[in-house]
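Reader: I would like to learn how to read the features of a protein model one at a time, with the general idea stated before the particular case. Could we work through one together?

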Amino acid sequence: MASDLTPHVRRRRTFAIISHPDAGKTTLTEKLLLFSGAIQIAGSVKARKASRHATSDWMEIEKQRGISVASSVMQMEYRDCTINLLDTPGHQDFSEDTYRVLTAVDAALMVIDAANGVEPQTRRLLQVCRARNTPILTFVNKMDREVQEPLALMDEIERELGMTVVPFTWPVGMGKFFGGVLDLRKDQMRVFTPGEDRIAGTEEIVDGITNPALNERFGAAYEQAAGEIELVRDAAPAFDEAEFLAGRQTPMFFGSAVNNFGVQEVLDALVNLAPSPSTRTAIQRTVEPDEAKFSGVVFKIQANMDPAHRDRIAFVRVASGKFERGMRMKVVRSGKELRPNTVVTFMSQKRELLDEAYAGDIIGIPNHGVLQLGDTLTEGEALQFTGLPFFAPELFRSVEVADPLKTKQLRAGLTQLGEEGAIQVFRPILGTVLLLGAVGQLQFEVVAHRLEHEYGVKARVTPARYNVARWVTCDPADGGDQELKRFIDGNSHRIAYDAVNAPTLLLEYAAELRAIEGNWPKIRFHALREHA
Ligand code: G4P
């Protein structure tokens, strides 16, 4: 079905960069922004990073919240496309948000440090992409350093991440002898010249990857690359768009972000290969991006600058239709009407306030708690999008109040922070102490700070002995609620209920989980719970 909106949808690309800290995400982001002319934003990306390095103190981070809201979505124009780049926070501010952002993108760009190969955070983020069949492009960075051999890297990515790698470029040499990349599809070599401020499109190009001039000029490095390409051509399958779109094949590019080398090729590949926004699934029906009526889903909530006002910004991914400033929207869960006049724009190079947005775009709606994580917004239709995941926490803390008279405030504060997705809260069956669960350490600091400053509760947050959590269910065919009750009764010392009363098994060691899975074959153990 094509409509007036179809051209707007087709020209949109919404993606995130996933990488391990220090692989070069910030550098690459800045270079990508430079291509689109959004130079002033590039500065703020660096500023944010600098602030992160300076301190891990939450007070300081809070001061940076303004910057972090602004840089969490960056919109840019490139060729005839509008590109939305969503930030996936790393370092200390790694949190559940990081995972959830990946539910709002249509593709991901994976940055690998060529010296370090596949690193833990990349692996974690990639698992989330794989679970959703998100197409992935791979950029192997830092070729100007002494790094691993490209064949070894390719092998590692395939083995560790379970994707077939299809090289689009291949490096000639590395480190001091990095000569450039052979472009296997355009049949040319782009010659590397170092320099941070080098303008793209000015690099030397030699036609023909078998051109004898290349052998004369780059000698052994070229010969090695040519030999490797032979091997790769025999072993690797041809690029297959359907396989790429299903997240099973990843095109691989080599370059050096800091030298602005290989960056434009990746951006071009993103425009050429990454999908535009497509159908989204709601409980009631599927929703096409070019339908006339607006719909969207809240995938992230961020507390705003001023704690006294308890302002939050809800990040909404537009799923269909057209958003216009001042339009009426319905929060399907509560039936409340919303008419936001101030909507945060993420394209500061062009306009201050957002006027319109289409499927794939992200809008930020300031509110005082009207919007919750997973909420669907429509022009009136009762739709509920599915698939906003909650991830099993990997870190746990006990939380108590110093002053028992404040117990009510503690519960109220934790409920709200839980709705925002700042933390997960569990009530163990035995005992009265609440447990907090997170995937990033900073989540605890943020919660303790906000409980004190926004809810007037001094909380005592102490280490808990758990390290593994799994939501438990039992299919009706396997005994359903009765079998689940038997399991819960038999394990009550390690069962807790989460914010929506879903029973959760809490364990100290992963090995225990395997034993319990063996003993209870009818029970299903989930590392991910979807918001319904
Ligand atoms: P991140 O956001 O993924 O954490 O990484 P970031 O871009 O900050 O890059 C981490 C470090 O790697 C930075 O150095 C950056 O300059 C460097 N880097 C990025 N791309 C390349 C590359 O292609 N080649 C080389 N040799 N280095 C690269 P830093 O010393 O930590 O910071 P800075 O003071 O240079 O900004």
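Reader: What should I know about the model and its numbering?

Author: This is a predicted model, in which local features need pLDDT of at least 70 and side-chain atom pairs count only at pLDDT 80 or more, while totals for chains, interfaces and linings use all residues. Residues are numbered from 1 along each chain as its sequence is written.

Reader: How many helices and strands does the protein have, and what share of its residues is buried?

Author: Helices (H or I, at least four residues) and strands (E, at least two) are DSSP runs numbered from the N terminus, and the protein has 15 helices and 31 strands. A residue is called buried if 20 or more other C-beta atoms, placed from the backbone, lie within 10 Å of its own, exposed if 12 or fewer do, and partly exposed in between; of the 532 residues, 44% are buried. Two residues are in contact if their C-beta atoms, placed from the backbone, lie within 7 Å, and among contacts between residues at least 6 apart in sequence, 73% join residues at least 24 apart.

Reader: Which residues are closest to the ligand?

Author: A residue is near a molecule if its C-beta atom, placed from the backbone, lies within 6 Å of it. The ligand is surrounded by 18 residues, of which K25, T26, T27, S256 and V258 are the closest. Ala, Val, Leu, Ile, Met, Phe, Trp, Tyr, Cys and Pro count as nonpolar, Asp, Glu, Lys and Arg as charged, and the others, Gly among them, as polar; on that basis the shell holds four nonpolar, eight polar and six charged residues.

Reader: Which helix gives the largest share of that shell?

Author: Helix α2 (residues 25-35) does, with three residues. In general, an α-helix has 3.6 residues a turn, so residues three or four places apart point the same way. Here nine of the 11 residues of α2 are buried, so the helix is largely enclosed by the rest of the structure; K25, T26 and T27 are among those buried residues, as are E30 and K31.

Reader: Which residues touch the most other members of the largest nonpolar core?

Author: A nonpolar core is a set of buried Ala, Val, Leu, Ile, Met, Phe, Trp, Tyr and Cys residues joined through C-beta atoms within 7 Å. The largest has 100 residues, and A108, L109 and V316 touch the most other members. Leaving aside residues up to four places away in sequence, A108 touches F15, A16, I18, L102, C129, T134 and I136. Apart from that core lies another, of 26 residues, which includes V399, A448, A459 and L505.

Reader: How does strand β3 pair with β1 and β2?

Author: Strands of a sheet pair through backbone hydrogen bonds, either parallel or antiparallel; the criterion used here is at least two DSSP bridges between them. Strand β1 (residues 12-19) runs parallel to β3 and is joined to it by five bridges, with A16 as the bridge partner of L86. Strand β2 (residues 73-78) is antiparallel to β3 over six bridges, and V73 stands opposite L86. Five of the six residues of β3 (residues 81-86) are buried.

Reader: Which strands stand at the edges of the open sheet of four strands?

Author: Its order is β7-β8-β9-β10, with antiparallel pairing. The edges are β7 (169-172) and β10 (205-207), each with a single partner strand, so one side of each is left without a neighbour in the sheet. Strands β8 (residues 180-183) and β9 (residues 188-191) are joined by four bridges, and L182 stands opposite M189.
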